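Here are some exercises to work through with the model open beside you. Try each task before reading its solution.

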Amino acid sequence: MWQFLETSLQDATPIALAALAGTFAARCGIFHLGLEGLMCVGAFTSVAVTIGTGNVLTGLTFAAIVCAMLSVLFWAITVKLKADPIIAGLALTTLGLGASTFAQETIFSTRGTITAPEGLWQPFAGTGFPMPTLSIIVIVTPLIILASWIVLRRSQFGFSISAIGEFPYAARSAGINIDRTRLTALVIGGVLCALAGAQLALGGLTSFSSDMTAGRGFIAFSAVVLGGSHPLGAAAASLFFGAANTLGIQAQLAKWPVPLELVLMLPYILTIVAVALTGVLLRKGAVAQSAFGELRS
Amino acid sequence: MPDALEARSLTKHFGDFAAIDDVSLSFPRGQVHAVVGQNGAGKTTFSRLICGLYEPTAGEVLVDGTPLRVGDIRSARQQGVDMVHQNFSLPPSFTVAEAMQLFDPGAPAVVGRRAMERRWSEALRRRGSAIDARRRIRDLSVEARQSLEIIRALEGQPTVLLLDEPTAVLAPSEVQGLFEQVRRLRDSGLTILIILHKLPEVFAIADTVSVLREGRVALAVTPIGEVTAEELTRHIIGPDSELPQAHSRAEDAVGSATGADHLDQASGTVLELEAVDAPPSASDRSLEDVDLRVRAGEVLGIAGVEGNGQETLLDVLSGFGRVSSGTIRLEGTEVTGLGVLARRRRGVRFIPSDRNSQGVSLTTSLWENIAITDLLLEGRRWFSPRGRKAAAATRLATWKVKHRRVEQLAGELSGGNVQRVILARELADGVRLVIAGNPTRGLDLAATAFVRAGLTALAQEGVAVVIVSADLEEIRDVSDRICVMRGGRIVAALERNAPLATVGAAMVGDAA
Amino acid sequence: MITNGSALLRSIVMIAIAIVACAIIFQLSGYSAVDAMSGFVQGAITGPGSLMSTLRWSLPLMLVGVGTVLCFRSGYFNVGAQGQLYMGAIAAAALIPVLPGPAPVRMAVGVLAAIAAGMLWSLIAAWLKTSTGADELLTTLMLNFIGALVLQYVTNGPLRDLSGSGQVAAAPPLPLDVRITGSSGVGPVNVTLVILVLIGCWFLVNRTTFGLSATIVGRNPQVAARQGVNPRSIVWSTFALSGGLAGLAGALEVLGPTGRLIQGFSPDVGFTGVLVALVGGLTVLGATFAALFFGALAAAIGYLPIVTDLPRSALEVLQGLVALLITVQLRARWKKRAAKAKPDPAPAVSKPGVSEPAARTEDPT
């Protein structure tokens, strides 16, 4: 039981952090499909720099910086150069996955696995706590979720972000600098993705292998949609996906008659249902919607 | 002592179009100033310039004699100018407290929900409002949202408050409440600019009135006691409203052996609407109990202030919009349930009121814009571009469209030529009924004359024409009969020689 | 012609920028950019068997890319080619071994089944679009992941080749007599088929009322609807066509070069197909050339290890950069999308019909 919870939390944490990043973007009106790429870059950078410097903290810092820089690039392309955010997001994912593999092969001359000398600090190891392998990132993630909730739902900055995403006319008439606010939201998202990647690579395995994110960024995106672009909703959806994943693997080990793939499909199926439901709700308010549409710019 | 608010040679261009052209107005302190004008006269642009939402192309705004930092809504607010937007500016998913917080420049970076709600509950109570600060904006009534917008503005301690068409969204009973509040605010020393559509409201609330027409000042800040409703109507719709050439169409008709005869001969009813109700369309209100009858060879003009159901009527007539009850007949056959193409095949042609978004695809070539209509009407599955281009070239030449090649994108043409392309496309063979919405809006004089001549010529050939227009002059020039729409209904059916004042009065409501 | 010359020119410029940026990255990473470029040229064009290899990778991209063009042209952002391709491949691979009859018939039925399967997978999104208004971009994206998992399930479960020793799950190889091409992936049948499809799509787009209607729906749905085009039927037909083409591509893959159903085969074809459509300026002709370009890249990357030690992932970097840049100039046509892409939709608040019509005329933003 404790082990199940422990594995679930470890599975859920990267998804939850990336989902928070997606929530920041979604609330200011950008569907962020680059989460997967950012996460992979974060995972690679944290491991590579940890190998190079022998210091996990330096690895984390560099991962955060690199992901923040990529987020600035994403912002410049989508907000300043007006590229389509969806295509640019998918492009960022392709670029992120490709670039981390490319860098791995260039620097470490292997396409396989690179292992860091040490992983993230596990504060509970050896204390007798029933979940000893939880990393520091897993442990602080509830705090990060809480902080995101405060920032998004209880701060002036969060109100600005939400106004931009929902009703740009309101943001403009409140005198908010739309571009700069979006930049901040995307950079915060970049740092969160770096943490997500670092947990994935250094949380348990202390290693990186190419494409190790394995679609978690897209599951995180599903969590954003399912969670209604709310930080707590996204976190809850992530926890659910993490638990479902763990359950699926255990079911497979225990030879239950449920195919693993069906469990893995769950996030995507639920997202389609959520999107369809939103569509129905939207259609109800279609007339008012179009009236607002004219004010968007 | 300088006036509370002054606009000096204010000008705003959108591309080539001057929405506001050299407007100078000065508003004394502590009064209610009404600004009126037709749609497109530039009222909303004017107010957005003053509140700092737009940056002017030229000119300046002075508050208490101090120039306003232009194009910056925050500094405008700091200098004491705030605006209540017509479409409202509070995000619908926010709670009342959150929305108020969003607009408060002095708000702390992080705030607790309770503290926030307590603060704004108090502020609301202090201003005599019973709105619950915990409710979501989208759950509030329109009236409550508006009073919240006003409170939101007042919290910034403004000296000048702009209200952009505040009555447009309210029911008549609610307007009284709004006006009482406006009077109270004026009595407390605030200067208020209020943009209005309806003359009775102007006389009910304003201390002074100004009129904008086509982006220019038609009447500068005048005390309300010094103008009559008739004078105001004339300023709004244009000074040359009673000139003799106005009846040119009528004279033409009389000249050609009495227009009435030519109507009687081709007296078959082409279009008939009976008790038509329709739900609201994308941009306009619902229709209620509309009866219409148009005979062959007749031009029916439908006048009215925009937003009174004309767009919905256009949609319903073209088959694009659905009716909820009532019947539509075309030459005696019921077509109520038929879609666009089925009606087109029966000879209905459509000139939409927004040519750039509904009439042609601007990113598509001229010949394709024309070919699509023909192909659908003919029911053909494939075509030869060469043949279609040749056909398009002939049609464009007939309608004297200035263009270089048929492969040119429609968006490269001027507005007048785009409208000619639409006429060339729509007014080919087999036309029985033409439905035109604001067919000459934004066109220059020559293009306007051309389009009107085209439509009248069609009527002479026995085609029934319905023209829906916000431009009274146009209605008067081309119509055989005039119907006036207000509140989704036909409120008046007049002959073509009805005095303009009568038509205007029916449009804006009785100005008694 | 519909072809927008300036769009194609800008596509070329964007690709050039991406290539230069990549060359700089390669050089800075310690590879010889010159070697890499000459390796690309050899691998794609001048090397032994290179042209064949380029064609092998281009053919599926042409099918998927042109299918994407059909949808994107009419303004529907169907990015679900990957899942549709997998469904087609599964249908062909599952059906052919159990069918009776002579090999050519089984082959033909398998291909038709693949087309039907791709169509059905695509029509799920069309159905969601027309019945609930669900954003097709999100649903097709999710259907891709689901499709990949279905493939994973099928190759690990019902169709698993138990005799195989491979690390990657796969179905048993299909008998040679039902294969359309050998492992080269280029044969008279599939090349002819693709050419016919391209000609057919070109005709559809440039010579038919349907194609013109779909194009105008994509550029301005309001105008199309007021001419009597039924947008619903355009959704169904374009989704069916693009799904069918992706399904066909899947069948050609399992009945051709791969010869069997393998878990996660051709993982990038769907997204590269979107790039092909965008780079090709949403025209059939443009997409054909774009498919040749991306096919050449894929061929070159397989050849590169012979001349330089540049890793395969360099291709992904280049594709990512192209994708990042390619929509920078397509924006004008895409405003619709931007308005849609928002969370927490604004609900009904104002009384319908009382919003200011003049906002449109006075605020031309």
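**Exercise 1. Find which element of chain C has the lowest mean pLDDT and which has the highest.**

Solution. Start with the score: pLDDT is the predictor's confidence in each residue, from 0 to 100. Elements here are DSSP runs numbered from the N terminus, helices being H or I with at least four residues and strands being E with at least two. In chain C, the lowest mean, 27, belongs to helix 15 (residues 358–362) of chain C, and the highest, 96, to helix 4 of chain C.

Next, look at the stretch 330–365 of chain C, where pLDDT stays under 50. The model has 95 contacts beyond four places in sequence for this stretch; two residues are in contact if their C-beta atoms, placed from the backbone, lie within 7 Å. For chain C as a whole, the mean pLDDT is 84, with 87% of its residues at 70 or more.

A word on ground rules: this is a predicted model, where local features need pLDDT of at least 70 and side-chain atom pairs count only at pLDDT 80 or more, while totals for chains, interfaces and linings use all residues. Residues are numbered from 1 along each chain as its sequence is written, and chains are lettered from A and ligands numbered from 1 in the order in which they are written.

**Exercise 2. Work out how helix 4 of chain C packs on helix 6 of chain C.**

Solution. Take the axes, which are lines fitted to C-alpha atoms, for helices over the stretch in contact, with angles running from 0 to 180 degrees between N-to-C directions. Those of helix 4 (residues 81–95) and helix 6 (residues 136–156) of chain C come within 7 Å and cross at roughly 30 degrees. The two helices are therefore roughly parallel (under 35 degrees counts as roughly parallel, over 145 as roughly antiparallel, 65 to 115 as roughly perpendicular and the rest as oblique).

Then check who touches whom: helix 4 of chain C contributes residues including Tyr86(C), Met87(C) and Ile90(C), and helix 6 of chain C residues including Leu143(C), Val150(C) and Leu151(C). By class, the contact has 9 nonpolar, 4 polar and no charged residues. Ala, Val, Leu, Ile, Met, Phe, Trp, Tyr, Cys and Pro count as nonpolar, Asp, Glu, Lys and Arg as charged, and the others, Gly among them, as polar.

**Exercise 3. Classify two helix pairs in chain A.**

Solution. Helix 5 (residues 136–154) and helix 10 (residues 231–253) of chain A have axes that come within 9 Å and cross at roughly 150 degrees. This pair is therefore roughly antiparallel. Trp149(A) and Leu152(A) are among the contact residues of helix 5 of chain A, and Leu232(A) and Ala235(A) among those of helix 10 of chain A. The tally is 6 nonpolar, 1 polar and no charged residues.

Helix 3 (residues 56–80) and helix 8 (residues 178–202) of chain A pack at about 140 degrees, with their axes 7 Å apart. That angle makes helix 3 of chain A oblique to helix 8 of chain A. Their contact has 19 nonpolar, 4 polar and 2 charged residues.

**Exercise 4. Trace the open sheets of chain B listed below.**

Solution. Strands pair if DSSP finds at least two bridges between them. One open sheet has 6 strands in the order 6-7-8-3-9-10, with mixed pairing. Strand 6 (81–84) and strand 10 (216–223) of chain B are its edges. Strand 6 of chain B pairs with strand 7 (residues 160–163) of chain B in the parallel sense over 4 bridges, and Asp82(B) stands opposite Leu161(B).

Another open sheet has 4 strands in the order 2-1-4-5, with antiparallel pairing. Strand 2 (17–27) and strand 5 (66–67) of chain B each have a single partner strand, so one side of each lacks a neighbour in the sheet. Strand 4 (residues 58–63) of chain B joins strand 5 of chain B through 2 bridges, with Val63(B) opposite Thr66(B).
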